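Please keep the sequence and the model in view while reading.

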Amino acid sequence: MTANTPEPATGRPATPPPGCPAHGMASDTLHRLYGAEAQADPMGVYEKLRAAHGPVAPVLVHGDLPAWLVLGHRENLDVLRNPTVFTRDSRYWRDMSEGRVAADHPLAPITAWQPLCVFVDGEEHERLRGAVTDSLGRFEARGIRRHVTRFTHQLVDGFEAAGRADLVSQFAAELPLRVMTQLFGMPDEYGPALAAAVQDVLTGTDTAAASNDYITRTLTQLVERKRTDPGHDFPSKLIEHPSGLSDEEIREHLRLILTAANETTVNLIANALRMVLTDDRFRANLAGGHMTLPDAMEQVMWDEPPMMTLLGRWATSDTVLAEQPIAAGDMVLLGLGAANVDPAIRPDLAASVRGNRSHLAFSGGPHECPGQHIGRAIADTAIDTLLTRLPDLQLSVPKDELEWNSSLMYRHLEALPVEFSPGRRVSRVPDLMPPTTLRTELPTAEPETRPAFPTAPSAPAGRSWLSWRRSGERRTTD
């Protein structure tokens, strides 16, 4: 099979190649999962596709490359649980093998095959994923929560005196990577720069490839350092794991954890805070003690999963999914957000999902997110600590003025402006600002010693934490 002659201005095929989902259909009859409409209302696009095509729909991704989007909950599980037919090995992708995905294509950094557990199946997947899962499992939630509490206090100290803040840019977007630098054994100041680079890669901008190169260089130097100076950190655990990972495999799995953990946890924190601040039913349930914070987080993962679409799977042979003919080499996208609102399993979206963890927020099957316990611990502890520090926190704009920004895989809040009573504290640590340019070397000096922060106050026995913090019976942490 050969590609059609590209259009001179865009490099896109004039018509989709034979055998692909879009062949025989004009490009303007297919929905693009990028561009203005998809960015403005991705869930609306998913529902249009569901109405027109059912649980599996033909779509176009960047560069008008064809793909299938799986919208049904059951159909997503069918793909997730059948790696023999729907592989994670991107070398099966017909468009890539035939040269339609250039090195600077927006999707290249996250689809080009690499020696990662997410790009292999079978025995090799078990070897690589086993090393990741075992190494992540050596970090207790208690230790992670200590890091989260410390950085939450640092961030709140930075804006408490102002009496207002944007909980996306000043809190949710700052916290996860700072925690991950601790698990990676890196200096604190690396969090902001890595966060910016990771977000650039995941958004698929024109500079995504350069940001990906920066992440790779930084992690290469980190692995070299940990080979000679190991510690109680994730890179060192990977190095000493009996699976015998190479330096390249270790570096790429570190990059995987950074990209997977950051954006999803940022979105989880921001979405949960938005619900706390805007959903009267949600807040009433918490205040009355009928819903714990973990229960509330599950509701968020059903309604606003941190990852909307998961890229990708590739058909190893011709097959059929929900009566749609999938050809060998076709890309298949997992519509996690669409699956969570599939009418087949949630005919009434207003009905409670308490105790139901069958959502696909963390994917499923052999490639289900191995670090979900870390993401949960970060989000749960961060929100609890924040609400304790700022008991009268409230949204400072009408909720219908909140705006979102969407990419192929994510939908996240642009901002979450809030106001609260200004605190009397003064910042006890210097602001951790991103460097003006991306670093090319890890600093040789140890990070400066910073003062310890007290443990956040907790509610008395028998009291729900939100009702207690609203009562004004806060204990001081001075």
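Three aromatic pairs occur in the structure; rings of Phe, Tyr and Trp (its six-membered ring) pair if their centres lie within 6.5 Å, and planes under 30 degrees apart count as stacked, over 60 as edge-to-face and the rest as tilted. One of them joins F159 and F420, whose planes stand at 55° with the ring centres 6.1 Å apart, so this pair is tilted. Because F159 belongs to helix α7 (residues 141-159) and F420 to the loop between β13 (417-419) and α18 (465-470), the contact ties together parts that are 261 residues apart in sequence. Helices (H or I, at least four residues) and strands (E, at least two) are DSSP runs, numbered from the N terminus. Both F159 and F420 are buried, a term that means under 20% relative accessible area (1.4 Å probe, protein chains only).

F184 and F234 form another tilted aromatic pair, with 35° between the planes and 5.9 Å centre to centre. This pair links distant parts of the chain, 50 residues apart: F184 is in the loop between α9 (175-183) and α10 (190-203), and F234 is in helix α12 (residues 234-240). F184 is buried because its relative accessible area is 0%; F234 has 1% relative accessibility and therefore counts as buried.

Charged groups also meet ring faces. R91 lies over the face of W113, at 4.0 Å from the ring centre, and the charged end of R150 sits over the ring of F151, 4.4 Å from its centre. A charge sits over a ring if NZ of Lys or CZ of Arg is within 6 Å of the ring centre and within 35 degrees of the ring normal.

The model is predicted: local features need pLDDT of at least 70, side-chain atom pairs count only at pLDDT 80 or more, and totals for chains, interfaces and linings use all residues. Residues are numbered from 1 along each chain as its sequence is written, and side-chain values use heavy atoms, with hydrogens and water left out.

Notes. Buried means under 20% relative accessible area, exposed over 50%, partly exposed in between (1.4 Å probe, protein chains only).
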